[in-house]
Amino acid sequence: MENYRSYRVDSMSRNKKLFLNLIVSIALQLVTIISGFVLPRLYLQYYGSAVNGLVSSVTQYLGFISLAECGVGAVTQSALYKPLAEKDQLQISKVIISSKKFFRKLGYILIGYVAVLLIIYPKMINDSFEWWFTTSLILAIAISTFAQYYFSMSYRLLLSADQLGYIQMSLQIVTVIVNTILNVFFTINGFSIQIVKLSTSIVFLLQPAGLYLFVKKHYKLNLKLKLNDEPIKQKWNGLAQHISSVVLSRTAVAVLTFYSLVSVSVYNVYFLVVSGLQLIIDSLTNAVQPYIGNIYATQEKNLLNKVFSIWEWISHGFITLLYSCAGILMIPFVRVYTKGITDGNYIVPVFSALITLAYASFCLRYPYTIMIKAAGHYKETQWSCILEAGINIVLSIIFVNIWGLPGVALAILIAMIYRTMYCVFYLERNILYRPRGYYFRNLIVDIIAAVVCIVATSWVRLTSITWIGWIFMALKVAIICILVVLAINSIFYHKMMKEIFIYICNRMKKYRK
């Protein structure tokens with residue numbers, strides 16, 4: 001045991017690790033969401049919609065740098081589940097060596113991408129800002145992005161696959177808080193946006209050092225091994241999939257950049273909400289994925305089907321609750337958030353409804369995609385990802401010229417519905433062999449619950465365009481929606497609700513003792 005890692009970390013049960021990952025990931029996303037709301041509002045207030053749109057646009061374009069984390073990163077995690085379950089130190093070392101080499105090569109490619117961006121991006125926005133202003137901002141944000149995604153990436157994936165993601169997430173919480181404080185300080189004291197973003201770069205450089213020290217202490221990796229074969233299968237397929245997903249997420253901003261930078265700013269305000277909720281779902285999924293991956297690697301088929309069914313049901317109910325509240329509260333939130341901002345029309349109800357539906361559909365696929373990743377079916381499913389991105393690009397270009405912002409949201413919705421349905425059908429035919437009726441039953445319950453939530457809260461109004469007024473409205477809506485979702489699920493999933501209730505009661509009794 002000692003030649004693998006410390007007993008204290010290794011002796012943790014699978015369930016305890018799952019609990020810690022869930023709690024810390026929720027905390028991380030809450031901190032990230034708060035930071036995500038505070039900073040753009042500050043940029044709007046101190047720098048204006050055009051600069052805020054520029055920051056959002058540059059950040060989206062540089063988001064391509066995150067290719068590895070969910071592309072090759074997901075494949076790397078899948079390759080680590082089995083050797084970690086078997087405590088095969090040799091195979092673990094091989095996977096880490098291979099991933100480090102790949103990320104290094106990819107890093108060189110993306111440095112070239114940044115260089116090209118420095119040349120062509122100022123022209124893309126028709127020289128709306130001086131050349132030095134735009135290029136210095138790109139460089140400042142690029143350093144931050146590289147710091148987050150490329151230094152110690154392999155170690156982040158190792159901890160995540162071993163259900164120790166809460167270690168790196170705890171470190172990330174600290175850096176997000178420090179970064180937010182520094183950004184607020186520099187912004188309100190009149191520093192340039194470049195200095196603000198450069199402070200972010202410096203803060204995020206501290207994460208890799210902490211990860212390196214932890215892995216060095218708790219794992220005995222032999223990184224001098226020579227690889228005779230490739231331990232990470234399908235890594236290029238994983239990269240292809242994530243390129244498609246990144247293109248999907250960045251297409252709207254890329255298209256709107258040519259349309260209007262103010263439209264980018266408007267899009268970004270709504271995106272803050274839907275992507276913030278997505279981050280919450282994503283964090284829970286990332287916490288559960290290694291747990292399911294471990295069960296799949298140990299071939300506990302009965303347990304796997306049981307755990308998946310429970311997670312599928314919980315995901316649908318939770319996503320329905322969050323996005324029903326978002327749909328109801330979005331426009332009131334935007335009214336308060338953009339109060340006093342007069343250089344753009346931020347109240348777009350049709351866009352609000354479509355973008356909420358799009359990201360709800362996106363999140364509903366999570367239970368199915370984590371099973372596909374756990375099974376390592378990247379090559380088999382890559383064309384559906386490419387097609388999804390293609391649908392979004394083509395329809396966004398067509399629709400933006402017809403309907404503007406709502407057209408972009410409609411394109412996203414159509415593309416995401418296609419991919420979600422594909423994942424459901426693929427899982428049925430190739431991995432769990434579960435009838436698709438399970439998904440459609442959950443979906444019907446979701447629709448009923450969402451409609452009832454909208455009707456039941458139709459009387460709730462924003463009494464004053466202030467944060468206090470919105471918070472009171474949000475509390476009313478949240479309470480009503482929680483009661484509605486619980487009531488609807490109690491009717492359609494009575495047995496499941498009863499089992500969960502009994503389980504919670506038993507756990508509470510155990511803790512009291």
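This is a predicted model: local features need pLDDT of at least 70, side-chain atom pairs count only at pLDDT 80 or more; totals for chains, interfaces and linings use all residues.

Colleague: Where is the kink in α13 centred?

Modeller: The kink is centred on F271, and its angle is about 35°.

Colleague: Now α6. How many residues does α6 have, and what does it reach from first C-alpha to last?

Modeller: Helix α6 runs over residues 89-124, so to speak 36 residues, and it reaches 49 Å. That is close to the 52 Å expected at 1.5 Å a residue.

Colleague: At which residue does α6 bend?

Modeller: The bend is at L118, by about 40°. A proline follows within four residues, namely P122.

Colleague: Let's switch to single residues. Where is T76 found?

Modeller: T76 is in helix α5, residues 72-86.

Colleague: Buried or exposed?

Modeller: T76 counts as buried, because its relative accessibility is 0%. The cut-off for buried is under 20%.

Colleague: What does T76 touch, leaving out residues up to four places away in sequence?

Modeller: T76 touches V95, S99, L157 and I232.

Colleague: Next, P367 and A374. Which helix holds them?

Modeller: P367 lies in helix α16, residues 366-375. A374 has its place in helix α16 too.

Colleague: What are their relative accessibilities?

Modeller: P367 is at 0%, so it counts as buried. A374 is at 7%, so it counts as buried as well.

Colleague: Which residues do they contact, not counting those up to four places away in sequence?

Modeller: P367 touches F308, W311, E312 and S315. A374 is in contact with S78, Y81, G293 and Y296.

Colleague: How far is A374 from V451?

Modeller: They are 77 residues apart in sequence and 34 Å apart in space, C-alpha to C-alpha. For P367 and V484, the figures are 117 residues and 23 Å.

Colleague: On to the loops. Where does Y219 lie?

Modeller: Y219 lies in the loop between α11 (206-218) and α12 (235-259). Its relative accessible area is 4%, so Y219 is buried.

Colleague: How far apart are Y219 and S93 in sequence and in space?

Modeller: They are 126 residues apart in sequence and 9.7 Å apart in space, C-alpha to C-alpha.

Colleague: What about S192, where is that found?

Modeller: S192 is in the loop between α9 (165-188) and α10 (193-204). S192 is partly exposed, because its relative accessible area is 33%. S192 and F133 are 59 residues apart in sequence and 9.7 Å apart in space, C-alpha to C-alpha.

Colleague: And which loop has Q163?

Modeller: Q163 is in the loop between α8 (153-161) and α9. Q163 has a positive phi of about 60°, although it is not a glycine. With a relative accessible area of 5%, Q163 is buried.

Colleague: Last topic, cavities. How many of 30 Å³ or more turn up in the whole structure?

Modeller: The search finds 3 cavities of that kind.

Colleague: What is the volume of the second largest cavity?

Modeller: The second largest cavity has a volume of about 50 Å³.

Colleague: Which residues line it?

Modeller: The lining of the second largest cavity is Y368, V424, L427, E428, R434, P435, R436 and Y439.

Colleague: Which helix gives the largest share of that lining?

Modeller: Helix α18, residues 405-430, gives 3 residues.

Colleague: Great, thanks.

How values were computed
Residues are numbered from 1 along each chain as its sequence is written. Side-chain values use heavy atoms; hydrogens and water are left out. On a 1 Å grid over the protein atoms alone, a cavity is a set of points where a 1.4 Å probe fits but cannot get out, and a pocket is an open set with protein on both sides within 12 Å along at least five of seven lines; lining residues have an atom within 4 Å of a point. Grid points are joined across faces, edges and corners, and a volume is the space filled by probe spheres set on the points. Helices (H or I, at least four residues) and strands (E, at least two) are DSSP runs, numbered from the N terminus. Buried means under 20% relative accessible area, exposed over 50%, partly exposed in between (1.4 Å probe, protein chains only). Contact means heavy atoms within 4.5 Å. The bend at a residue is the angle between axes fitted to the seven residues ending there and the seven starting there. The expected span of a helix is 1.5 Å times one less than its number of residues.
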